[in-house]
Amino acid sequence: MQCQDGMQCFAVPGNHAWTPTGLRVERGDRLTVVEVPDLKGRLSSVTVRRGWLPFDRVRARVAAGGSYTLRTRDRDFPLPAVLDDRRFPAYCLVGRIGEDGDVFYVGPRYDGKADASGELWLGINDPNPAKNKGEFLCKVAVEDPSTEEPNTWPRGVALDRGKPRPIPDANVVIFFIDGLRPDVAVEMAQMGHMPTFREIFMDGGTQVENAFSILPSLTDANFASMITGTFSDKHGSKTNFHFDRQKGRFVSNLNKYSYPRLAAQIRQRGVRAIYDYFPDSFGAGALPVQPRSPKVLQVNLLEWAHRSLNVANCMSEVLKQIDKAQARFGLDLASCPNVRVMLIWLPGTDVYSEKHEHAQFGRTRAKIAEADECMAKVVRQLKRRDQFDNTYFVLFSDHGTVGGNGFVNKKFDLHREVLHPHFRLNTAGYYGRFRCPGTPRDHLAFISDTDGAVQVSLPYTNADSGNLARPNFLVQLQNYELADDRRLRALEVFTEFTSRGRIRREDLDSKPVDFAVARSDEDTVFLQRTTKSQAFIRQRLRPDGELEFRYEPVRDYLPGGRIERISSGDPLRYVDSQAFSEAVAREGRSVEDWLSRFHTGKEWLKVTAGTEYPGCIDAISRFFRCDDQFKEENEEQNLPDVLLFANRGWTFMPKVMLNIRIQEIAGGRHGMAFREATQICMFFAGPGIRQGYVIKEPHRIVDILPTVLTMMSRDWKGNAIDGIPVNGIWEGHE
Amino acid sequence: MKEIRLRSCVLEVKRAGLLVLLVCMLGTISGCVCKVIPPETVTVRSAPDGELHTFEYPLMVIVHDENSVWDAHQIKNNIIGLTELEAVRILDILSDILTPGPEHRPIENAIEWIKNQYAKLPPCAPVTIVRELFWAMGFEKLSPTRGSGFFPRVIYLTDWLQITLGEMNRVAGYAIPGQDTLLPRTWTARPNDGVDSAQNGLMGAYIYLYQGLDWCLDKTIAGGEIVWQKTVWLVLVPWY
């Protein structure tokens, strides 16, 4: 049938797998398929019908975009879908060119070039469509390949400068979606599955495209950085677990009792957090860093527990429905007369990513779509209360997620693969104590198994010293003595050995440990990818109080030996990176010249933002630093000996997890130092903020707090904040 | 007579013990109560020279699973959680059972609607005071068993009383020329601060106590789990 605009209209029945359109498409043609409303002006839909017993019955209407959240028993979809733990929505409109052509996603709109020649077929992404009812209506056009493709988002690129112009008496709502990848969020929004995110943050706000976490890219450290605007050397929360050398015990930050402890620790250090800036008007549900009760009404774990239970109906279900519970508490906060700054943590995305092999390119997309619904509830509540127009919105994630896109993560059991076979040490960590057969009980090392970054603490100087109270520096680690008097270069063993012995040269690119970091002295850390790829990061304090860093790639270095510099193959792969050399050239320097000088963290972030390891120099160095003004007693002693980062496709987890009976898969993980793990979501929206723009200049998670303070017309300077506000978000500056 | 009673008592205890043992055994078989990792022999090449060694990892029994609904900690949480169910929620559940399809939560939504409509009223003192009174009382959050939220409501009400008295003091101040409050702010500041501190302190102590009790229960259960783990291990070792 011919539409008014000259396009061909089709009705694609929902109870047929495929329907031929009769349209011939040539390879390279621009093909456009758009969902259209029916005669009554409503979007056409298909009713998916499954089962008839009460517990098995599904009757759900889906539009051409399909659904990420609809749960059925269907598997093996024509286009691998969310229920197969894959990327695309189930029951959406799909197409193929030719009877045996590759299936592609159409959804509400497809606009692309045909990659084959033949007849266009349209259908529903459903392995069992026979019982469905209804049809998708769409119009199709095949045009000349030279026609320019429409690009609706982003509207433009904004420069990161300008003067903030916040409105008076504003509110701020901060959505913190744990582990959400920005590329996944944008893709899902463009597919029509995150309508609120699209409306508020993409079309109605500004994205900071190159936003990065601190290192390691773990939740506690990054959340603490967000709420304090500082790096971990100031707030002190470095990873999710650590070993307290003085007390000889392992401290976990990931249980319900640790959240208030972390908040108390930050306060004791004299670092101010977001709830200290707004003592009477801050509201939040459960948080990874939970002040016990800064204000009676707004931040209260008991109120939260009560609400969440009444959302999930029983306690054991709360974790599964945590996003809904948080959003419900968010509605309470939106109703609370005093709350002006609200922080809503939606951890479901990360929880689900860890439990599914394809993470955010699979089943986790259902959770992401649910998170969007949760945001929609809060936004609706603000609109109902006439609060929407004077509210700023912030959306951020604390880290990215690695795995599911092209590869599935595998577990690397550091206990059985390295510490037991090579060091002959028993090990203890978050997942329990692991005995190395034949080793005396007191020969013990500590490992914080946390996703893609682990801290290792070995006995001082030799495996049988039993002295865990003193940390090992590079000099001890590179000449580490075993109980049988043999000696090892510890960093070489961590980075180039598994239980099967030395990793073959041709397998080094896919080895489990990406690189290891140890302290050379108090101001210098040492990185080692292999013995041929090492580097020093040196830091110094400028007279104005700002830290500067120098990166010095070397090879075959041993303490006390000669320093042999290298001009290629450095552990962070900067020297060979085209993006790095171009960025350095923009600063008017050569790579050699840049590496010979000290630069601030912001300068390093600027030149490394386009590389595989953005902003690692200051972030790694500051992990091992303890700020003199803020440090706690014994903090330096409690630092680990070695910090290991996992390579792509690997995560640090024991083969047997003693405190979790069911965890066969590694799932999507984070903590690593490379881009997928460190790139985060950072979106701002609200009155006076650019709509539909993108900022290319790099920023850190520590920049969110000063931006929020600016939105609330508060002064952020003079608060020992490491971050700076993102000024490019404000309208009126070109 | 006494002897007969004692015998029957012992019999009852024995019967109960057997029943518990049976349930535990069934649980063990079904994988609910524990997971058994059989012994494993692993050959490794040690650094730096690649010397071959064999490790024999022993049998392991895992009894705790923080994600399982059958875990003892979860069972405890679920039992405590029952006391928190709101009256509104219970009525909503009943109503949703009677109506097919997705959850509607009619009563909760109706309450939210009323609250939202009320929020649109002009922000004058009486409107605010009434709104905050209802917020503090939290009728919609009351549970038949009172739950953990009962004590905080008392504190919220004192908070409301404090705000209301402050507002009355301010309004009464209009009667006295040249003064913005009836009682000077210097008089009221200290008592106000004192009440604030007391509220925060009490609330903090309450949460601390609540969490402390929870922690003790968790530790007790963890102790029980260790005993159970050792028992299963001892029973299974001869079989491997």
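Analyst: In chain B, helix α5(B) meets helix α6(B) through named residues on both sides. From α5(B) come B:Ala125, B:Ile129, B:Glu132, B:Leu133, B:Ala136 and B:Met137. From α6(B) come B:Arg153, B:Tyr156, B:Leu157, B:Asp159, B:Trp160, B:Ile163, B:Thr164, B:Glu167 and B:Val171. Two residues are in contact if their C-beta atoms, placed from the backbone, lie within 7 Å. Helices (H or I, at least four residues) and strands (E, at least two) are DSSP runs, numbered from the N terminus.

This is a predicted model, in which local features need pLDDT of at least 70 and side-chain atom pairs count only at pLDDT 80 or more, while totals for chains, interfaces and linings use all residues. Residues are numbered from 1 along each chain as its sequence is written, and chains are lettered from A and ligands numbered from 1 in the order in which they are written.

Now the geometry of that pair. Helix α5 covers residues 125–137 of chain B, and helix α6 covers residues 150–172. They pack at about 170°, and their axes are 8 Å apart. That angle makes α5(B) roughly antiparallel to α6(B). Axes are lines fitted to C-alpha atoms, for helices over the stretch in contact, and angles run from 0 to 180 degrees between N-to-C directions. Angles under 35 degrees count as roughly parallel, over 145 as roughly antiparallel, 65 to 115 as roughly perpendicular and the rest as oblique. By class, the contact has 10 nonpolar residues, one polar and four charged. Ala, Val, Leu, Ile, Met, Phe, Trp, Tyr, Cys and Pro count as nonpolar, Asp, Glu, Lys and Arg as charged, and the others, Gly among them, as polar.

A:Pro195, A:Thr196, A:Phe197 and A:Ile200 in α2(A) face A:Asp372, A:Met375, A:Ala376 and A:Val379 in α11(A) across the contact. Six of the residues in this contact are nonpolar, one is polar and one is charged.

Next, where do the two chains meet? 39 residues of chain A are in contact with 53 residues of chain B. On the chain A side, α7 (301–312), α8 (315–318), α12 (414–423) and β28 (501–502) each supply at least two residues. The largest share, six residues, comes from α7(A). This side of chain A has 19 nonpolar, 11 polar and nine charged residues.

Helix α2 of chain B (residues 72–82) has B:Ala72, B:Gln74, B:Asn77 and B:Gly81 as its buried residues. A residue is buried if 20 or more other C-beta atoms lie within 10 Å of its own, exposed if 12 or fewer, and partly exposed in between; C-beta atoms are placed from the backbone. The cover over these residues of α2(B) includes α7 and α8 of chain A, together with α7 (185–236) of chain B.

Back to α12(A). Here 10 of the 10 residues are buried, so α12(A) is largely enclosed by the rest of the structure. Among them are A:Leu414, A:Arg416, A:Val418, A:Leu419 and A:Phe423. Just after the helix, A:Arg424 takes a positive phi of about 55°.

Chain A is divided into domain 1 (8–143), domain 2 (156–230 + 268–406 + 673–729), domain 3 (412–520 + 636–666) and domain 4 (523–634). These bounds come from an automatic or database domain assignment. The C-alpha centres of domain 3 and domain 4 of chain A lie 25 Å apart. Their contact takes 19 residues from domain 3 and 17 residues from domain 4. On the domain 3 side, α13 (474–477), α14 (490–496) and β29 (513–521) of chain A give two or more residues. The largest share, six residues, comes from β29(A). That domain 3 side has 10 nonpolar, five polar and four charged residues.

One loop residue is A:Asp556, placed between β32 (547–555) and β33 (564–565) of chain A. A:Asp556 is exposed, with 12 other C-beta atoms within 10 Å. Not counting residues up to four places away in sequence, A:Asp556 touches A:Thr531, A:Lys532 and A:Glu564.

Last, chain A as a whole. It has 20 helices and 39 strands. Its C-alpha trace spans about 85 × 60 × 60 Å along the principal axes. Buried residues make up 55% of its 734 residues.
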